[in-house]
Amino acid sequence: MKALSLCNLRKTYSKGFEALKGIDLTVEEGDFFALLGPNGAGKSTAIGIISSLVTASSGSVSVFGYDLNTERDLAKSCIGLVPQEVNFNQFDTAKSIVLNQAGYYGLPRKLALQRTEHCLKQMDLWDKRDTISRRLSGGMKRRVMIARAMVHAPRLLILDEPTAGVDIEIRRSMWKMMQEVNQQGTTIILTTHYLEEAESLCRNIAIIDEGRIVEHSDMASLLARLHIDHFILDLADPLTAAPIIDGCQIELVSDKVLNVAIPKEIGLNHLFNQLTAQNIQVMSLKNKTNRLEQLFMDLVTAK
Amino acid sequence: MNYSIAFKTIVKKEIYRFIRIWPQTLLPPAISTTLYFLIFGKLIGDRIGMINGASYMDYIVPGIIIMSVISHSYANVVSSLYSTKFQRNIEELLVAPVPNWIILSGYISGGIIRGLLVGIVVALISLLFSDFAVHNVTIALVTALLTATLFSLAGFINAILAESFDDISIIPNFVLTPLSYLGGVFYSVDMLPPIWQTLSMGNPILYMVNAFRYGLIGVSDIDIQLTVIITGGFIVTLVALCLYLLHKGIGIKN
């Protein structure tokens, strides 16, 4: 079943800016889906329309088969939104923020209290439930928003840059949490600027640029399209010039550091054999760029 | 979908908000009206004598109560709704399956409750200065309820259209306060020259003050039925306007 279906979705803002130019997109139930794009590409507008915060100029949105225009309540009940910026009342406690949201979704008081406790515990916030939210750390505020989005047990969870500005430890714990939520059957749509986040979490991906979907496929086949890998090699001994190896582009960054672009069909064994033959000893190796980042840049700059 | 739960949640949140900040919401009207009663009612009123058969103190009590109801029902909705817009937690309601009429009725109920609560506080204080007997409870309650509803709706529209905190103080300062003072709170329109009497008839607050005054002390310059029709007409018009603004997402959606 399709968790989300966008059909010819368009949005032109009042000053004439065309944010979405007729996008079509489908997300299957149970998917962990990445929606990527540069700043101003139209991601937030698309998410705003799906979550009823922005009015579409034309086109249709259906959530688990419910049309957002004609079956609004049913469609909205399926969605949980974690927005980019903190948007709760900073004078409320974490518990009342989540509990009120349960009320807006019509959960009876007893169930709302149970769900609130469950979600706050899942986000490791139960001990902070009575803390005024403006006193919480940035990471905790983000987790409050996730707990709030999940309190009505949505079938589709939309996370708009949920890990922006949080430290690595919290980011990793949020990744784990998102994976658990997805494994429990919740469909997740994730937008992020951390492309390694999308690469490691998501199974399918769409890239949006200038209001159009420029790529929509599964992550594996998208990454398979990358022909050239880029590596940084740290050498044991200094060089005065970059070595020459057929098929590879090699640049001497400093006397003991090489920047290597190597086509997939050549492979690392060939590279190392050639370097060894030239008496060059490699101490360590790392990817120059994230693979998805490379593809992303190729797609959004290929105009 | 159980809309009554969503409605109760909004109303409870609104009540909790103004109770939590009671030194800003409930205490100031108690102090300012005590001063009104002392200065206008006691010190100046003793020299004025009777108006339409009532002592000056008794005459101004209903006007001061309804003036408090007007300003606080308006202030509650405009400040609460604009704050939710400013902090963007209005989005909590917009993403949820809450119909516009529930959002509207929730906020309006909050405004009515605060307006009436402040009215009760002021009425209790007035008992320290005046010993009037309520003339018609039904008319007094209906007028207070309609007045609180009307000005809660006006506050809702102000909040929806406001783009800054300055915008939510313009109407109270430059429209509501002058209309209240010119609405016969402290005087009878019969005391005005004919041209000002005619102009005063265009002030809706005059009708509410007089209807409430009739309910409390049995004195009025205006026909009570006309008050109910005018206030009811304004309420219907403003409800329609609020629902239109919400439907179009004006001021709250992109």
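Trainee: How many bridges join strand β6 to strand β7 in chain A?
Mentor: Four, and the two strands, residues 79–82 and 156–160, run parallel. Strands here are DSSP runs of E, at least two residues long, and helices are runs of H or I of at least four, numbered from the N terminus. Keep in mind that this is a predicted model: local features need pLDDT of at least 70, side-chain atom pairs count only at 80 or more, and totals for chains, interfaces and linings use all residues. Residues are numbered from 1 along each chain as its sequence is written, with chains lettered from A and ligands numbered from 1 in the order written.

Trainee: Who's the bridge partner of Ile79(A) in β7(A)?
Mentor: Leu156(A).

Trainee: And which way do the β6(A) residues point?
Mentor: Ile79(A) and Leu81(A) go one way, Gly80(A) and Val82(A) the other, and all are buried. Buried takes 20 or more other C-beta atoms within 10 Å of the residue's own, with C-beta atoms placed from the backbone.

Trainee: What's the strand order in the sheet?
Mentor: β6-β7-β8-β3-β9-β10 in chain A, an open six-stranded sheet with mixed pairing. The edges are β6 and β10 (212–218), since each pairs on one side only; pairing needs at least two DSSP bridges between two strands. From one strand to the next, the twist averages 15 degrees.

Trainee: What about β3(A) and β9(A), how do they run?
Mentor: Parallel, with four bridges between residues 32–36 and 204–209. Leu36(A) stands opposite Ile207(A) there.

Trainee: Which strands does helix α1(A) lie across?
Mentor: Helix α1(A), residues 43–50, lies across β3, β6, β7, β8 and β9, running at about 145 degrees to β7(A). Helix α5(A), residues 138–150, also packs on the sheet: α5(A) touches β6 and β7, and its direction makes about 170 degrees with that of β6(A). Angles run from 0 to 180 degrees between N-to-C directions, using axes fitted to C-alpha atoms, for helices over the stretch in contact.

Trainee: Switching topic, at what angle do α3(A) and α4(A) pack?
Mentor: About 130 degrees, with the axes of α3 (94–104) and α4 (109–122) 9 Å apart. That makes the pair oblique.

Trainee: Which residues of α3(A) meet α4(A)?
Mentor: Among them are Val98(A) and Leu99(A), with Leu113(A) and Leu120(A) included on the α4(A) side. Contact means C-beta atoms within 7 Å.

How values were computed:
Angles under 35 degrees count as roughly parallel, over 145 as roughly antiparallel, 65 to 115 as roughly perpendicular and the rest as oblique. Two residues are in contact if their C-beta atoms, placed from the backbone, lie within 7 Å. A residue is buried if 20 or more other C-beta atoms lie within 10 Å of its own, exposed if 12 or fewer, and partly exposed in between; C-beta atoms are placed from the backbone.
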